[in-house]
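My entries are kept in the order in which I made them.

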Amino acid sequence: MTFRHLLYPNNPKRRDEVIHLHQELFSCMSANVSATNRLIQLLNNNLHCQLAMVHLQHDRTIKENCDMFILRMTEIQQEVQKIDEKLKSTLEPSLYQKLHDIKELEPHKIDIAQKVLSVILGQATTAAGAIIVKLIGSNVTTVIVNKLLALLAQISASVLGTIGVAALGLGMDVIVGAILGAVERDQLEASIKEYESYLDEFKPASETYQSAIRSVTLQLEDNFQ
């Protein structure tokens, strides 16, 4: 047993906790990416978008992966916003209002959107109308996404952002070295607190985001295959 282990006998447990929390964060990010790519595929296939898929880069830091995810989600929001603005400029005000009216029946909304999308896109399927109605008529691309992006920006700017994703598969000593540079009690405890602080918000925000995206994609995939 080394001298530092005599001084800090609980550090192995702390190191294990750091690894566990790091894996939780990575799992949330991975699930968010998977949900987002399903949405991107629907947008590309039905709305003639040319959005790039999101990929976690294992040779990059958490910051770089967070920043890439933020960029892709911002691009999705911009595409939806551009289409919404075209709908607003093309439709009669009363019809445009119906698209955003939660009391309006969805089939009627889809019919309105599809006719205008046919002009905007050259042609449009019922699925295209349904996708845009789902996205502009819900808080998926506003409240839910914006909260997730704000948390990702915080993580990106934190000390955790400097950690390489590839460290996950390299064993405890390598991960600790990547995170801390030295195994000392105060550093480990500070790292644990930082992970826990972000995960307290990031995990439920991620679950809400994934649930919202699944609700959109599953319904569309089931109805328009």
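The entries below begin with the conventions and then turn to the chain.

**Conventions.** I worked on a predicted model, in which local features need pLDDT of at least 70 and side-chain atom pairs count only at pLDDT 80 or more, while totals for chains, interfaces and linings use all residues. I number residues from 1 along each chain as its sequence is written, and side-chain values use heavy atoms, with hydrogens and water left out.

**Overall fold.** I found 9 helices and 0 strands in the chain; both are DSSP runs numbered from the N terminus, helices being H or I of at least four residues and strands E of at least two. Of the 225 residues, 44% are buried, that is, under 20% relative accessible area with a 1.4 Å probe, protein chains only. Among contacts (heavy atoms within 4.5 Å) with a separation of 6 or more, 75% join residues 24 or more positions apart.

**Helix α6.** I looked up residues 126-136 and found 10 of the 11 buried, so helix α6 is largely enclosed by the rest of the structure. Lys 134 is among the buried residues, as are Gly 129 and Ile 132.

**Helices α3 and α4.** The axes of α3 (residues 62-90) and α4 (residues 93-100) come within 7 Å and cross at roughly 145 degrees. Axes are lines fitted to C-alpha atoms over the stretch in contact, and angles run from 0 to 180 degrees between N-to-C directions. From α3, I listed Asp 84, Leu 87 and Lys 88, which meet Tyr 96, Leu 99 and His 100 in α4. These residues divide into 3 nonpolar, 1 polar and 2 charged.

**Cavity.** I found 1 cavity of 30 Å³ or more; on a 1 Å grid over the protein atoms alone, a cavity is a set of points where a 1.4 Å probe fits but cannot get out, and lining residues have an atom within 4 Å of a point. The largest cavity holds about 60 Å³ of space, a volume being the space filled by probe spheres set on the points. Its lining includes Met 29, Asn 32, Phe 69 and Leu 152. Helices α2 (11-47) and α3 each give two or more residues to this lining.

**Gln 210.** This residue lies in helix α9 (residues 185-223) and is buried, with a relative accessible area of 11%. Beyond its neighbours within four places in sequence, Gln 210 is in contact with Cys 28, Ala 31, Asn 32 and Ala 35. I note that Asn 32 also lines the largest cavity.

How values were computed
Ala, Val, Leu, Ile, Met, Phe, Trp, Tyr, Cys and Pro count as nonpolar, Asp, Glu, Lys and Arg as charged, and the others, Gly among them, as polar. On a 1 Å grid over the protein atoms alone, a cavity is a set of points where a 1.4 Å probe fits but cannot get out, and a pocket is an open set with protein on both sides within 12 Å along at least five of seven lines; lining residues have an atom within 4 Å of a point. Buried means under 20% relative accessible area, exposed over 50%, partly exposed in between (1.4 Å probe, protein chains only).
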